[in-house]
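Hi,

Here is the structure I promised to pass on. Have a look at it first, and my notes follow below.

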Amino acid sequence: MSTLLNLEVELHVTGPFQENCYILRCAKTRRFVVVDPGAGMESRVRELLEVENETLVAVLLTHAHLDHIWGLGAVLNVAPDVEVGMHPDEVPVYESFAEQSQLFGLSGMVQPPPATSELGSQVRWLREGDTFTLGETPLFVFEAPGHSPGSICFYWGEGELEVLPEELVEGIPKLVARRAQAEGACLVGDVVLSGSVGRTDLPGSNHSHLMRTLRRRIAMLPPQTHLLGGHGESLQLAEEFRTNPYLQEACRDLGP
């Protein structure tokens, strides 16, 4: 476990795809969220609830590819009333769980309940500019399509992000960090990986949208932002600017 800007962060590498599931905890309020629950995460959730007497306030989804929601159904069996936060554009991906399983030749998995019917009011639709507060720490939500149509990222820290809807750049509102040298952390799902990005050959993926997300979203974050990705090690944005060819290509000739 590590501590990033007032939140304790547990990393759990799950399943055959080695997916990163994160548990964010507020030590002061003893409240936690599970981000992208991969295979087997119900055991840790049960331990936190029943042994450590903490409170699960939500499951948050950066996106709904199979490996990132593999454990959601089992987690909901442990905590059946918990809120699930996701972007509405991700519903088609979320509800293609069975098709995704067949695509990768997998079987015997607990399918999560349909978002718009069974979950119903448990779903919290998270959109551009929303804030999800964990304990005393606000998580700022911004849209990051490309790897999947409804990918979102969760940022917290000193950067004071803001979406400026009146300043459309390449068709999307401009994302601004009010303190460019501030330290922050961002759950980016599979938008950015170490030296790479998430694949764009899956249904609903779009490479040009992903490159635009890199250019007008990820590149707008403070360089000292810690990027917590869906696979592999954690990153720092400044280092990715130096080493990630996709980010470099996306940001070539980047204007103000």
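Which residue in E5 does Phe 32 stand opposite? It's Leu 56. Keep in mind that this is a predicted model.

That pair belongs to E4 (residues 31–35) and E5 (residues 55–60), which run parallel and share five bridges. Zooming out, the sheet is an open one built from seven strands, ordered E1-E2-E3-E4-E5-E6-E7, with mixed pairing. At its edges sit strand E1 (2–4) and strand E7 (123–125), each with pairing on one side only. On average, neighbouring strands here are turned by 30° against each other, ignoring direction.

Helix H1 (residues 41–50) lies across strand E2 (7–14), strand E3 (19–26), E4 and E5, and runs at about 10° to E3.

If you click on Val 34 and skip its neighbours within four places in sequence, you'll find it in contact with Cys 21, Tyr 22, Ile 23, Val 45, Leu 56, Ala 58, Val 59 and Leu 60.

One more stop: helix H7 (residues 207–216). Its buried residues are Leu 210, Met 211, Thr 213, Leu 214, Arg 215 and Arg 216. What do they pack against? Strand E11 (161–169), strand E12 (172–177) and helix H9 (245–250).

Cheers

Conventions. Residues are numbered from 1 along each chain as its sequence is written. This is a predicted model: local features need pLDDT of at least 70, side-chain atom pairs count only at pLDDT 80 or more; totals for chains, interfaces and linings use all residues. Side-chain values use heavy atoms; hydrogens and water are left out. Two strands pair if DSSP finds at least two bridges between them. Helices (H or I, at least four residues) and strands (E, at least two) are DSSP runs, numbered from the N terminus. Axes are lines fitted to C-alpha atoms, for helices over the stretch in contact, and angles run from 0 to 180 degrees between N-to-C directions. Contact means heavy atoms within 4.5 Å. Buried means under 20% relative accessible area, exposed over 50%, partly exposed in between (1.4 Å probe, protein chains only).
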